Amino acid sequence: MNRVTLRKTLISCALLGGALLLAIVSMSLLGSERLPARDSLCALASLGTSACGLTPDQFDILFQIRLPRILLAAAVGGSLATAGAGYQALLRNPLAEPYLLGISNGAAVGTMIALVFFGAIEWVRPLLAFSGALAATFAVYRLARGRAGATPERLILAGVIVTTFLSSVIVFVTTLMDATRIRSFTFWLLGDLSGTSKALLPVAITVTILGALVLTLHARSLNLLMLGERDAFDLGVEVGRVRVVVFLVASLLVGSSVAASGSVGYVGLVVPHLARLSLGSDNRISIPAAALGGALFVIVADTVARTIIAPRELPVGAITALIGAPLFIYLLKRV
Amino acid sequence: MNPLLEARNLSVAYDHRMAVADLTLTLNAGEIMAIIGPNGAGKSTLLRALNGQIPKTSGVITLDGQPLERLNRRTISRHIAVVAQEAELRFPVTVLEFVLGGRFAWATHAGWGWETERDLEIANAVLQETELTELSARLMNELSGGERQRALMARALATEAPILLLDEPTANLDLSHQATLLTLVRKRCDEHQSAALVVTHDINLAAQFANNITLMKQGRAVHSGTPREVLRPELLQEVFEVRVLVDAHPITGGPRVTPLINHG
């Protein structure tokens with residue numbers, strides 16, 4: 001593996017960015033309602049200022065339903081993959097993943113409390129989701145951390161404990177909801193983008209971009225942190241400060257994505273792993289690559305989820321787990 | 001001239017006991033000092049306190065005349081490099097990337113930025129010194145224990161820090177590499193006006209390479225001086241609680257220590 005340079009990073013990110021743009025455009029043409037490709041591309045190119053021959057219904061499907069959903073998928077994927085890369089450096093373990101560690105569950109509890117008690121006020125949801133994610137991150141970190149960082153065994157056990165504990169909290173909160181909402185809730189818990197909220201989309205996109213940027217700007221510190229907290233300290237990393245930054249940023253990323261779409265699993269495992277496999281472990285390249293790749297991954301997964309049994313839909317989390325779980329087993333045998 | 005590193009009346013409480021008690025030591029340019037003593041004597045704690053990793057309870061640590069607590073982390077790391085036991089690696093990192101980690105404290109920005117040409121030159125030079133040039137593109141977890149230990153040494157040298165703190169640096173090394181490693185440390189100290197503090201259990205290696213030896217027991221410096229002054233049977237017997245034979249090394253003429261077990 002060649003050493004990572006700025007040039008290599010920029011080229012990789014430009015290629016991934018191009019692929020992402022291509023996916024956003026092409027996946028918006030796919031769905032149970034066929035849209036004429038040429039007219040749709042023309043309308044997309046005009047950024048919605050011109051209908052280009054699409055009927056008003058088709059125009060609404062494209063701009064009111066599909067595009068927001070695809071953009072949310074991008075934000076959720078980018079968030080979760082970036083958070084995964086952050087947790088992996090922090091816990092020194094490639095198996096760290098927000099869903100498997102129970103951190104998504106923490107955010108879910110926060111979101112549910114917001115829904116039950118502050119149902120009408122949408123911005124409370126990401127706020128409480130962030131608090132939930134932060135609390136769960138802290139719990140996992142304290143439970144998993146041993147003398148040599150988090151060993152795989154400790155990490156997975158800590159994740160199981162936090163996940164099961166929070167699952168029972170979720171069940172408890174669910175009993176407070178009225179019966180009609182429970183079904184859509186079960187879907188949401190598995191990770192579901194069908195209920196895309198207009199208000200949360202800009203929040204999710206902003207948090208994703210800022211989060212990925214902040215973590216990328218700490219990439220050199222994270223490279224050393226990945227080798228061990230003591231080593232990093234000896235070499236000049238302000239370990240305490242960087243740790244707090246990763247804690248906050250990763251929890252924010254998980255919080256905003258769970259508030260918008262529930263717990264989409266395994267994205268934070270699959271994508272950073274592929275990024276490291278193809279580009280190396282240097283976080284200066286693997287974090288931005290994971291952010292872009294995560295967006296791409298969830299867009300494609302969600303397109304599969306909404307088209308494979310059309311007109312019915314699967315929760316996107318079912319698709320990502322189908323890909324992620326086997327990879328997890330493979331990684332578990334290697335670390 | 002200021003000593004490179006100085007500790008005066010240093011005490012460190014650790015796990016509810018005094019791991020280091022009222023210890024004074026001075027490390028001058030060009031000097032290798034070995035710290036020896038039984039397990040649990042506080043040797044490693046001393047190293048970590050000198051590096052600012054464990055807070056001291058009382059006493060003064062000065063780095064080049066300046067109190068340690070007034071310096072920020074990156075400044076300290078430009079002055080002190082540590083070679084400790086290797087941590088387990090769970091991510092694929094090449095030897096070159098690993099060694100370049102030693103240049104972190106010199107970067108203009110703490111988190112972002114790229115290695116300069118000079119960083120690369122230094123990394124390549126230390127890889128050569130540690131005989132790792134051919135392995136530079138290999139992954140760290142493909143190396144043998146001895147090769148990894150050399151990579152740790154290379155990374156410490158890449159920091160260009162004038163003070164090296166070595167914690168059992170030869171523990172994983174075979175005979176020939178033990179000597180190579182300490183020759184490297186010796187060369188560094190002679191040529192760059194550097195100094196090294198070496199915690200070791202290998203008393204004879206210490207006798208061969210160190211200018212001075214500090215004998216520690218229960219957190220205290222029992223005795224400090226040249227190998228000849230410190231490696232005396234009655235002192236060693238008192239500290240290690242084992243009978244020892246000290247005779248002259250057949251080649252160097254320095255002291256040679258052999259523990260006597262069940263030989264009357």
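The following conversation goes through the two chains of a predicted model.

Colleague: Before we start, what are the ground rules for the numbering and the confidence cut-offs?
Modeller: Residues are numbered from 1 along each chain as its sequence is written, and chains are lettered from A and ligands numbered from 1 in the order in which they are written. The model is predicted, so local features need pLDDT of at least 70 and side-chain atom pairs count only at pLDDT 80 or more, while totals for chains, interfaces and linings use all residues.

Colleague: How many helices and strands does chain A have?
Modeller: Chain A has 14 helices and zero strands. Helices (H or I, at least four residues) and strands (E, at least two) are DSSP runs, numbered from the N terminus.

Colleague: And how compact is chain A?
Modeller: The radius of gyration of chain A is 20 Å, close to the 20 Å that the globule rule gives for 335 residues, so chain A is as compact as a globular protein of that length. That radius is taken over C-alpha atoms, and the globule rule is 2.2 Å times the number of residues to the power 0.38. The C-alpha trace of chain A spans about 65 × 55 × 35 Å along its principal axes.

Colleague: What percentage of chain A is buried?
Modeller: Buried residues are 53% of the 335 residues in chain A. A residue is buried if 20 or more other C-beta atoms lie within 10 Å of its own, exposed if 12 or fewer, and partly exposed in between, with C-beta atoms placed from the backbone.

Colleague: Turning to chain B, what is its secondary structure?
Modeller: Chain B has nine helices and twelve strands. Its radius of gyration is 19 Å, close to the 18 Å from the globule rule for 264 residues, so chain B is as compact as a globular protein of that length. Its C-alpha trace spans about 60 × 40 × 35 Å along the principal axes, and buried residues make up 44% of the 264 residues in chain B.

Colleague: What is the strand order in the open sheet of chain B?
Modeller: The order in this sheet of four strands is S2-S1-S4-S5 (chain B), with antiparallel pairing. Strands S2 (17-27) and S5 (66-67) of chain B are at the edges with a single partner strand each, so one side of each is left without a neighbour in the sheet. Two strands pair if DSSP finds at least two bridges between them.

Colleague: How many bridges link S4 and S5 of chain B?
Modeller: Strand S4 (residues 58-63) of chain B and S5(B) are joined by two bridges, in the antiparallel sense. The bridge partner of B:Thr62 in S5(B) is B:Pro67.

Colleague: Which helix packs on that sheet?
Modeller: Helix H1 (residues 43-50) of chain B does, touching strand S1 (5-14), S2 and S4 of chain B, and its direction makes about 120° with that of S1(B). Axes are lines fitted to C-alpha atoms, for helices over the stretch in contact, and angles run from 0 to 180 degrees between N-to-C directions.

Colleague: At what angle do H5 and H6 of chain B pack?
Modeller: Helix H5 (residues 145-158) and helix H6 (residues 175-192) of chain B pack at about 5°, with their axes 11 Å apart. That makes H5(B) roughly parallel to H6(B); angles under 35 degrees count as roughly parallel, over 145 as roughly antiparallel, 65 to 115 as roughly perpendicular and the rest as oblique.

Colleague: Which residues meet there?
Modeller: B:Gly146, B:Arg150, B:Met153 and B:Leu157 in H5(B) meet B:His177, B:Leu181, B:Leu184 and B:Arg188 in H6(B). Two residues are in contact if their C-beta atoms, placed from the backbone, lie within 7 Å.

Colleague: How many residues does each chain bring to the contact between A and B?
Modeller: The contact takes 27 residues from chain B and 30 residues from chain A. Helix H2 (73-79) and helix H3 (95-100) of chain B each supply at least two residues of the side of chain B that touches chain A, and H2(B) gives the largest share, three residues.

Colleague: Which non-glycine residue has a positive phi near 55°?
Modeller: That is B:Glu131, found in the loop between helix H4 (117-129) and H5 of chain B. B:Glu131 counts as partly exposed, with 14 C-beta neighbours inside 10 Å.
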